[in-house]
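Visitor: I'm new to this one. Can you walk me through it?
Guide: Gladly. Here it is.

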Amino acid sequence: MRIKRLAVAALLVLALVAVAACGGTAKNTGTQTASESGSEQGQGGKVIKVGLVTDVGGLDDHGFNELAYKGLQKAAQDLGVQVNVVQSKQQSDYIPNLTNFANQGYDLVIAVGFLMTDAVHQVAPQFPNTKFGIIDVDYNSVVTDSGQDANADKSKYANVAGTIFKTEQCGYLAGVLAGLVEKNNALPGLQGKNTVGVVGGIAIPPVDSYIAGFQQGVKAVNPDAKVLLEYANAFDNPQGGKEIALAEYAQGADIVFQVAGGTGLGVIDAAKEKHLYAIGVDADQNYLGPDNVITSAMKGVDTATYQLIKAVVDGTFKAGDFTFDLANGGVGLGVFAKSVPQDIIDQVNQAAEDIKAGKIQISAQVQK
Amino acid sequence: MTSTRATAVLVPVLSVLLSFLVGGVIVVISGHDPLAAYVALLQGAFGSVFNLANTLTVAVPLMLAGLGVAFTFRAGLFNIGAEGQYWLGSIAAAWVGYAVHGLPVWVHLPLALLAGTLAGALWAALIPGVLKAWTGAHEVITTMMMSYIAINLARYLIEGGPMMAPGYTPQSPAVLPTATLPALVPGTQLSWGLVLAVLAAVAVWFVLYRTTFGFEVRAAGLNGRAARYAGMNVARIIVLAMFVSGALAGLAGAVQTLGVNHRLFDAFNAGYGYTAIVVALLGKNNPWGVLAAAVLFGALNAGASAMQMQAGVPAHLVDVVQGMIIFFIAVDGIIRSVLRRTRKEAAQA
């Protein structure tokens, strides 16, 4: 018994010493950074510090977080900002991670993805001198906590910027491509029923805008084509996505556009199995099936991250939304499969020019 | 007696120290400074009131669920389904928290906590407990399977199901202020749940070591046949032990929901119920040991962010250290035998 008490006491002392010691070291590092930034100030201007907080998907998610990190690194190289990233391991980490960056005097803290809406809603008003950017969430959703805090005071969110992606535009281009392939019978092995398909994740605005654009794109070049649409009601069910895709292929679809995150990986599997075609989403997914993924409708999370940082560097950051579209390179198409004929690619590029020039208007409403 | 007690404390402590040592070697191999990494880790975990609060915030659900797992270990049962009981507790607490209106805080908050506790308790006792007691179905299988059911039930409820809040984020509506566990340290996520967790540890200690039921639980755990031969109703002990264990895991979910998350949301990757098993093992199924082990894991979690931010060490390295701890607990026989040998040598000298 006595030995146990002794051991506990010894441990407590050790712990105290350790805490005291690291408290001391922390002070040292504090002064070091201060003197460093002092010398940098001497060379002209304070170095802007940017912190990126990932959601629970982690940095290697082949999607949003990875792209945001890419944008962050580009900014570090091109803009000379000091960057840092922290990966959230669980949802309750969001608030501490955002708060930690703000506490350490970071100029801009970027939150990746709509799961962090609530956390930014809570943290941003506490740090009016820190700017907060959130990827793929609009300003209003942050202020109102996705509509749950409808009476929130906007003036407390003068340091927050949202980012919106006009994904109906890249969806439209994917539709033009699919419609033309059907019309011209331009790829090997088509079933000849002038039908394409869509597998949606969940019927929410960020998914539906892609689908709406796709429907309009197909109809614009191939009015008789049939567009099948089915939702998997999940983003993490590749098997379910595969089954829906197989059903659509069986109904005569030759190209299936997946707007379903992880579920959509099953769609690409199905395309490979049936030797038919798919269109990827969010990131360039051609590498997942170079012959079968004829292109990808991409959301430029990297561009958005970079632009948020650039706005802070340029002093143009202000509360509200940053909008990303074809014109500013925030959305677009990925790599085309080699088998896609050049004349179709030319027509898709022409459609892109027309959208940029404002000649084509695209609705974000799905036709069901 | 004193030497076994000292060993009981020394072995887990050495396991942790060894895992940090091996973790440090891995930090070096990955090209970072281990001292800077651990300083950042400690600093991030304990360096300020805010950081300490973060550590304890993570420790609270681990304490409660860990106590639950430890209780069944004492009864010779292996309740690895704390995760499911935790989620059932979260569901019940969230529902009572947002759907029941017009109650004063001193009724609403206890009611929500009780709902979570009971939900977890019944989830553990009614099916795995009863099956084990009367058919011998192994609780490792049944509690595990019940976990999957609970997690997917929670998922269904908030992903388009009846508990989903308006909008398209998969989460329930926020619990009402009358059902919210107030913050213990203002401006942090640390709630009064910490006090509940410490009280729960005292209660578990009291029940295990100062009541007849606790004696029966320990007797059944040491040798079920002997306990039965001594006239104890082992079936009843099994069901009750599962009930207590599930109640603690359910309370963990309720405290997390009412004190930290304030709603049910898609946080299944936190896995507190699974980490709780390690916490119970590291704490040697002793209530105070469980509290200490939970704080350690809370510190690892809170310090991980600081390690990334300040030392540039990937957060996954903390997972490696945690894995090492589990490894060294699993092979604690090695540490024991080394201790025994050094003692023997000391005695001979």
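**A salt bridge, an interface and some cavities**

Guide: Start with a salt bridge in chain A: the side chains of A:Lys46 and A:Asp107 meet, N to O, at 3.1 Å. Keep in mind that this is a predicted model.

Visitor: Why does the pair tie together parts that are apart in sequence?
Guide: A:Lys46 sits in the loop between helix H1 (2-42) and strand E1 (49-53) of chain A, and A:Asp107 sits in the loop between H3 and strand E3 (108-112) of chain A, so the pair links parts 61 residues apart in sequence.

Visitor: And how many salt bridges over all chains?
Guide: The search of the whole structure gives twelve.

Visitor: How many across the interface of chain B and chain A?
Guide: The rule finds one there. A:Asp118 pairs with B:Arg263, and their closest N and O atoms are 3.1 Å apart.

Visitor: What about polar contact across the interface?
Guide: Six residue pairs are in polar contact between chain B and chain A, with both residues of each at pLDDT 80 or more.

Visitor: What area do they bury?
Guide: About 3,500 Å² between them, with 54% of it on carbon and sulfur atoms. On the chain B side, B:Tyr168, B:Gln308 and B:Met309 supply 20% of the area buried against chain A, more than any other three residues.

Visitor: New topic. How many cavities of 30 Å³ or more?
Guide: The structure holds four.

Visitor: Which residues lie nearest its centre?
Guide: A:Asp93, A:Pro96, B:Asn54, B:Asn301 and B:Ala302, out of 14 lining residues. Helix H3 (94-103) of chain A gives two or more residues to this lining, as do H3 and H12 of chain B.

Visitor: How do the residues of that lining divide?
Guide: For the largest cavity, four are nonpolar, nine polar and one charged.

Visitor: What space lies in the second largest cavity?
Guide: About 60 Å³. Its lining includes A:Gln90, A:Gln91 and A:Ser92 from chain A, and B:Trp87, B:Phe265 and B:Tyr272 from chain B. Helix H4 (82-99) and H10 of chain B each give two or more residues to the lining.

Terms used:
Residues are numbered from 1 along each chain as its sequence is written. Chains are lettered from A and ligands numbered from 1 in the order in which they are written. This is a predicted model: local features need pLDDT of at least 70, side-chain atom pairs count only at pLDDT 80 or more; totals for chains, interfaces and linings use all residues. Side-chain values use heavy atoms; hydrogens and water are left out. Buried area is the accessible area (1.4 Å probe) that two parts lose on being put together, summed over both. A salt bridge is a side-chain nitrogen of Lys or Arg within 4 Å of a carboxyl oxygen of Asp or Glu. A polar contact is a pair of N or O atoms within 3.5 Å; within protein, one must be able to donate a hydrogen and the other to accept it, and residues adjacent in sequence count only if both atoms are side-chain atoms. On a 1 Å grid over the protein atoms alone, a cavity is a set of points where a 1.4 Å probe fits but cannot get out, and a pocket is an open set with protein on both sides within 12 Å along at least five of seven lines; lining residues have an atom within 4 Å of a point. Grid points are joined across faces, edges and corners, and a volume is the space filled by probe spheres set on the points. Helices (H or I, at least four residues) and strands (E, at least two) are DSSP runs, numbered from the N terminus. Ala, Val, Leu, Ile, Met, Phe, Trp, Tyr, Cys and Pro count as nonpolar, Asp, Glu, Lys and Arg as charged, and the others, Gly among them, as polar.
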